[in-house]
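This briefing is for a reader new to the structure. The points after the display are grouped by topic.

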Amino acid sequence: MEHSDQTKVAILGAGRGGRALLDLLHQIPSIEIVGIADRDPAAPGLQRAHALHIPVTANVPDLIGNHGVQLIMDVTGNPEMEAYLKAHKPPTADILSGSASRLLWKLIQHESKLEAELLQAEKLAGIGSFAAGIAHDINNPLQLILGLAESLAEERDLAAVHEQALDIVEAVKRTSAICRDLTRYSRRASPHEDVSVSINAKLDEALKIARYASSFHDIEMLKQYQPGAAVKGNPDELLHVFVNLITNAVHAMEQAGGTLTLETRVLGGQVDIRISDTGCGIAPEKIPEIFEPFFTTKAPGKGTGLGLYNVNTIVSKMHGQITVESKVDQGSTFTLTFPHAQPNQEGCL
Amino acid sequence: MSDFKSGFFVGGEACNGRVLVVDDEPDIRKVVKMTLQKAGYDVLEAENGEKAIETINSGENRLMLDVMICDIRMPKVNGAEAIAYFRSNYPHVPLIVLTGFPDTDMATSFLRQGVVDYLVKPVEGEKLRSAVARAMEQRELARL
Ligand SMILES: Nc1ncnc2c1ncn2[C@@H]1O[C@H](COP(=O)(O)OP(=O)(O)O)[C@@H](O)[C@H]1O
Ligand SMILES: [Mg+2]
């Protein structure tokens, strides 16, 4: 990954600002982060750096002096550091510090806020299409409950009463599960720290949500899950990614039906998550466009064109990769690759 | 149970007529069946439009089926497709739509296609039975 035309950057300070910089800069191919320094070994940015295989040090003179650094980004907020850098930086290096680096930190925060807004907006726009699915899934158990209750009113056989009452309890539970799933999905992604998320459970949860959004008529489901597949990330965001990819797959098979395949695989420290359809496919020249914001081939109300854009944002934030293989009229496969995480006990977050 | 208008016998029991319930939810079929059996109807089940078409085309059903109750949102041949098929191939069988999703446009279009009733789940047993009774009357008229 090392190109000679990469700008070599050193980051000083591994607090929240340093960590946000890491997250942002490591996604930019023309930047090479040569290292990050902090006095505090427990600083949050240092853990992130380990995860990204970026060198960590406490030795500032070495970091700025010996690695051909071209840009020093000081987010320590420490005036002494600012003064030290002015006096000791290599002549070829530029410094970003003081108010300039504070401004940068503000911009990064602003951008991540906008990102979250966009995510939420897209999610809410999609929920409009849930009405039919929700009505179906709530009114069906209600029909059962009503029918059983009517019959109970006339039932004389105690055993039958008992059985029907239990059926009603089950139907009520199913109905309330629908509301729980949907509120969990529609709420704003909680900003909590990344946790280990069980992928197979998350895919199943997404499947339930996606069923509200689009009808799975004539769609056959195939699951090939490897037990224990887990990645580190925000569970709400990951759910959002899967709902989007599954919904797209189902939309692609709307005309003729087909097979939806969900596959997870752990291999060599990586998790592959594959979502395949046998639908309409994507023309090769369109593939670069599908991740652009507002690119959609769907009718208004059905597509926003923001789905894959948001998927891509989340996946790169999680240090993952996304690839697409597609053949017109044969189908598409979206593959996500993440570093494997240790499965968590309460994996289904 | 002596005053059935057109009572005939199926498996030794008095029968007010034969109804086919088409719904992908086994629970719905179960509860509709229970409700209608109480009123003396013989109830057949199908889990989707394809099965419904198979059912009506098999054996004696072709002649013996009186009324069909059909959901809209179903896998395989969905309700709307099944209804179109039944209207053109078995125009004498009255249709009742029983759906979880109230959609006025759809209701209008179905009623225009000659569907006798458009019921939204959850529907009370009494209402369902009277819709079926009305449909049975239509069936009688078609037989004359
Ligand atoms: N699985 C797929 N099969 C075929 N086309 C797809 C698939 N996924 C995405 N696309 C194409 O990419 C476009 C953008 O997708 P997306 O960003 O999710 O927005 P939307 O679904 O709202 O249109 C879609 O409109 C569609 O043309
Ligand atoms: Mg989409």
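B:Ala82 lies in helix H4 of chain B, residues 79-89; helices (H or I, at least four residues) and strands (E, at least two) are DSSP runs, numbered from the N terminus. The model is predicted: local features need pLDDT of at least 70, side-chain atom pairs count only at pLDDT 80 or more, and totals for chains, interfaces and linings use all residues. Residues are numbered from 1 along each chain as its sequence is written, chains are lettered from A and ligands numbered from 1 in the order in which they are written, and side-chain values use heavy atoms, with hydrogens and water left out.

- B:Ala82 has a relative accessible area of 0% and is buried (under 20%; exposed is over 50%, partly exposed in between, with a 1.4 Å probe and protein chains only).
- From C-alpha to C-alpha, B:Ala82 is 11 Å from B:Ile56, and the two are 26 residues apart in sequence.

**Sheet in chain A**
- An open sheet of 5 strands in chain A has the order S3-S2-S1-S4-S5, with parallel pairing; two strands pair if DSSP finds at least two bridges between them.
- Strands S3 (56-57) and S5 (94-96) of chain A are at the edges, and each has a single partner strand, so one side of each has no neighbour in the sheet.
- In chain A, 6 bridges join S1 (residues 7-12) to S2 (residues 31-37) in the parallel sense.
- A:Thr7 has A:Ile31 in S2(A) as its bridge partner.

**Cysteines**
- Over all chains there are 0 disulfides, a disulfide being a pair of cysteine sulfur atoms within 2.5 Å.
- A:Cys179 is partly exposed at 42% relative accessible area, and A:Cys280 is partly exposed at 41%.
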